[in-house]
Amino acid sequence: MNYYKELDMVTIVEDIINLDPQMRFAAIIDHSGNIVESIMQSGKTSLESQKEEEHFCKQVSQRRQMRNQFDKSLGKVRYVHVEREKVTQMVIYTPQFTIYFTMEPEMTIENKLQIINKIKKMTSHL
């Protein structure tokens, strides 16, 4: 049985942010783009304000809906990886929620993939 099936959303986002010291932000977003639960690593910044973070999460949800249009022809999206100059952004889709998290861009691709796989296992029941 998956250990995370018994835990609440707060514990899940806390465990995501604690996977690596280079993690910045983690959020669980519903299909409407509302933040169900989120946490920011202390001392790290992502976007400049909570309002910007909420707006960005709405856009994450909109992009998911656009990508779903191609599920039949291309298959479902496993994860989305965006490299920016100042931050790495990752998105994982579960049936009920979207998991969005950011990390330092200097991390190796191997570490990023390990984190993605861990988060996919942690959130597979959502």
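Visitor: Which residues is Thr-98 in contact with, leaving aside its neighbours within four places in sequence?
Guide: Ala-27, Ile-28, Ile-29, Val-60, Arg-64, Val-91, Ile-92 and Tyr-93. Contact means heavy atoms within 4.5 Å. Before we go on, this is a predicted model: local features need pLDDT of at least 70, side-chain atom pairs count only at pLDDT 80 or more, and totals for chains, interfaces and linings use all residues. Residues are numbered from 1 along each chain as its sequence is written, and side-chain values use heavy atoms, with hydrogens and water left out.

Visitor: Where is Thr-98 found?
Guide: In strand β5, residues 98-103. Helices (H or I, at least four residues) and strands (E, at least two) are DSSP runs, numbered from the N terminus.

Visitor: Is Thr-98 buried or exposed?
Guide: Buried, because its relative accessibility is 1%. Buried means under 20% relative accessible area, exposed over 50%, and partly exposed in between (1.4 Å probe, protein chains only).

Visitor: What does the Thr-98 side chain make a polar contact with?
Guide: The side chain of Arg-64, at 2.9 Å. A polar contact is a pair of N or O atoms within 3.5 Å; within protein, one must be able to donate a hydrogen and the other to accept it, and residues adjacent in sequence count only if both atoms are side-chain atoms.

Visitor: Zooming out. How many helices and strands are in the chain?
Guide: Four helices and five strands. Along the sequence they run α-β-β-α-α-β-β-β-α. The chain has 126 residues, and 40% of them count as buried.

Visitor: Which residues touch the most other members in the largest nonpolar core?
Guide: Ile-16, Met-23, Ile-28, Ile-99, Phe-101 and Ile-119, out of 20 residues in that core. A nonpolar core is a set of buried Ala, Val, Leu, Ile, Met, Phe, Trp, Tyr and Cys residues joined through side-chain atoms within 4.5 Å. At least two residues of this core come from each of α1 (9-17), β1 (23-29), β4 (88-93), β5 and α4. Helix α1 gives the most, with five residues. Another core lies apart from it, with ten residues, including Phe-25, Ile-29, Val-60 and Tyr-93.

Visitor: Now charges. How many salt bridges does a search of the whole structure find?
Guide: Two. A salt bridge is a side-chain nitrogen of Lys or Arg within 4 Å of a carboxyl oxygen of Asp or Glu. In one, Arg-24 pairs with Glu-104, with the closest N and O atoms 3.0 Å apart. Arg-24 is in strand β1 and Glu-104 in the loop between β5 and α4, so the pair ties together parts 80 residues apart in sequence. Both Arg-24 and Glu-104 are buried.

Visitor: And what does Glu-83 form a salt bridge with?
Guide: Lys-112, with the closest N and O atoms 2.4 Å apart. Glu-83 lies in strand β3 (residues 79-83) and Lys-112 in helix α4, so this pair links parts 29 residues apart in sequence. Glu-83 counts as partly exposed because its relative accessibility is 42%. Lys-112 is buried, with a relative accessible area of 3%.

Visitor: Where is Ile-109 found?
Guide: In helix α4, residues 109-122. Ile-109 counts as partly exposed, at 43% relative accessibility.
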